[in-house]
Amino acid sequence: MKIKYMRFLINIMVALTGVLITLFVFASCLSAPENENRQDQTEKEEKNKIEKKEEEKKGEEDKQELVLGMSQITVDFDPLHAFTSNEFQLYSALYEGLVSYHPLTLEPLPGMAKSWDISEDGKTCTFYIRDEAYYSNGDQVKAGDFRNAWLRIINPDNKAEYSVFFDIIKGVQEYRQDRDEDKIGIKVLSDKVLEVTLVKPADHFLKILCHMSFVPIHPSYIGKTGWGKNTNLITNGPYHMLNWTKEELLLSRNNLYWDADNVAIERVKIIFNKDAKYISEKFNNEQIQWATEFDAETIKNKSAFVAHPMFSTNYFFFSCAEKPWSDFHVRRGLALLLPWSEIRKADYLFPTNTLVPSFPDYPKIEGITEQKKEEALYHLKEAGFENGKNLPQILIKVPEGGDELEMAQVMAKTWKEELEADVKIKAYPYGSYFDQLKEGDFTIGIMTWIGDFIDPLTFLQMWQTNSNLNDSKFSDPEYDNFIDESYSEKGTARYEKLAKAEEILLNKAVVLPVRNYIAFNAVNTHMIEGWYPNLLDMHPFKYIRFKEERVFPNVVRLSE
C-alpha cells in the first residue's frame, strides 16, 4: 500500500508543478505590452469563447454515455438459460428482482420489493412490491409476474441451468415429479404481495434472490421462446434497450424505473470486440471508461488497472456419465499420477487444491496435493485397468487463448508416459466452449466458477444429481444428503455439512482444483465513480456515475 501511495503523491506533485509553470508563463504573457490591433484581439476572444462553449457542450454530451469494452460473447436476455458472468453484468442494467446487490458489500438491498417480512420460524417470506414498479413499456410489475417467471425456470422441460436454486422453496422438488403447481410455495396474495414458503429456514435465501434467475419477465413473454434476442426488449431495470448488434449494445436510462432519479448516466454503450488491443486503444483515448477485456501492455495509464480477489475457482472436472469414468477408482488413479506442482504453477497467485475459496469459519479440508504413483496404480488396478491397460481414449476439452491448453498438455504427457494411454486434446473458441461441454462427449473439461452469492453453497449445490449445472453428471446419494442436511443447520454446523460434501468431490476426484482467480478490470477512475471492486466482480450500472469537476478558487484548468 505504501508504494501505491508514494507513486500517487509523486504523480500529484508532477501534475501540480506543470500547472504552476503553465500559470506562471500565462501570467507573464498577460503583463506583456499590447502590440496587436484591439479589433483583432476582440475577434480572437469571441472565437475562443465559441470554441470553448462547443468543447464544454461536447464534454457534457460525452458524460451522458458510459462505454464498456467487453469480449465478443453470445448473449441471451431470456433468464431461462443465462449463466455466464458477462450476462450477469449486463442483466444488472436491464432487469431487477425483488432485491438487488449492494455494489460493494453484495448484501441484498430492496429492489422491486420495497420491504419484506420473515416469519418467526424463518420459513415464510412475504414481499411487498412497490407501487412505482413498472416495466419499460409502462405496464406495472406485479407479484404474478415473479411467480410465472420462476415457474418457467422450475419447469424441468425447460432445463434451466439455475433451476436448482429454487429447490429451497417448498414443493419445487416434488413438482418435477407430479407437476402440481398448487403445491409450490410461491403464492400471489395480491398484485403487490408475493408470499414464498421455504422447505427449511435458509439464511442465504435473500442473497440467492439477487441472482438473475429470479427477475420478473413481462407477461407477453410467458409461453414464448426466442424473445431474449429481441432488440426492443421490455424490461424493468434502470436501463432499457435502444439498439443491439453483434458489435454493440446501446442502453438508455429507463425513466419509468422506480429509482430513476438516482441513475446518473443517461446512456450505456457496450462494445463487443475480441481484439483486446482495439479496446485498449479506445480506453487510452477515453472513448471507453471501463474495460473487462484489454491488453495490459497497450494501456498507457497503468493506474487504471483494478485487481482484486474473486470468490472463484478454476478447476478441471471429469465427466462421470459413463463407464469407466463413473468409477472413482479410475478418476482418482489418473489424478494421483499428475505432477500437481507443475500444473498448479508457483507463479499463480492463489494455487489451490480445494473447490470452495477461503471463507470465514468454513472447515479446512484438503484435496489432492501431490503425485502419488503407487496409490494411483492401486486404484487403476482396483478398477480393472492395471497399469492403465485397456483404458479408453481420454478426451480433454479446453478453451483457446489461455494457459488451460498448457496444463492439459502436461496431463496428456504424464498419462502417455506413465500408462501409454491414448489422450487427445481439443481446444475451442471461448464463445463456443461452454456449448461444447453441454454436448457431454468429453472425459475432462475445465471451468472457472464465480460464486453467484457469497456462500460456500454456490460452489457445491451445482454438483447435486438433479442440478442442470451439473455438466459432470456426477451422482452420489451421500453427497446429495449432505447438501440437503445443510439447509437445517446454521453457522459452523452448516459449514461442516457442506465441507463433508466437498470432501466427497475432492476425494473421489470429480473436481481437480487449480487456482483461485483475481479479477482484472481497466477503469478510468478519474472520470467515473460508483464502481467498486467486490468478490463477485459484479458492478451494477445504476450506481456508476461520472465525477463532477470541482473548480477550486484561484486554480485554472488548462486544456491538454
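Helix 3 (85-94) and strand 2 (99-101) each supply at least two residues of the lining of the largest cavity. The model examined here is predicted. A search of the whole structure finds 3 cavities of 30 Å³ or more. The largest cavity holds about 220 Å³ of space. It is lined by 18 residues, and those closest to its centre are S92, Y95, E96, S100 and C210. By class, this lining comprises 12 nonpolar, 4 polar and 2 charged residues.

The second largest cavity has a volume of about 90 Å³. Strand 12 (305-318) and strand 15 (444-450) each contribute at least two residues to its lining. The class count here is 8 nonpolar, 1 polar and 2 charged residues.

A helix pair was also examined. The axes of helix 14 (residues 477-486) and helix 15 (residues 491-507) come within 8 Å. They cross at roughly 160 degrees. Angles over 145 degrees count as roughly antiparallel, and helix 14 and helix 15 are therefore roughly antiparallel to each other. The crossing of helix 14 with helix 15 is left-handed. On the helix 14 side, the contact involves E478, Y479, F482, I483, E485 and S486. These meet R494, K497, L498, K500, A501, E502, I504 and L505 in helix 15. The residues of this contact divide into 7 nonpolar, 1 polar and 6 charged.

Notes. Residues numbered from 1 in each chain as written. Predicted model: local features only at pLDDT ≥ 70, side-chain atom pairs only at ≥ 80, totals over all residues. Heavy atoms only, no water. Axes fitted to C-alpha atoms, helices over the stretch in contact; angles between N-to-C directions. Helix = DSSP H or I, 4+ residues; strand = E, 2+ residues; numbered from the N terminus. Parallel < 35°, antiparallel > 145°, perpendicular 65-115°, else oblique. Left-handed = near helix turned anticlockwise from the far one by under 90°. Contact = heavy atoms within 4.5 Å. Nonpolar A, V, L, I, M, F, W, Y, C, P; charged D, E, K, R; others polar. 1 Å grid on protein atoms, 1.4 Å probe; cavity = no way out; pocket = protein on both sides within 12 Å on 5 of 7 lines; lining within 4 Å. Points joined across faces, edges and corners; volume = space filled by probe spheres on them.
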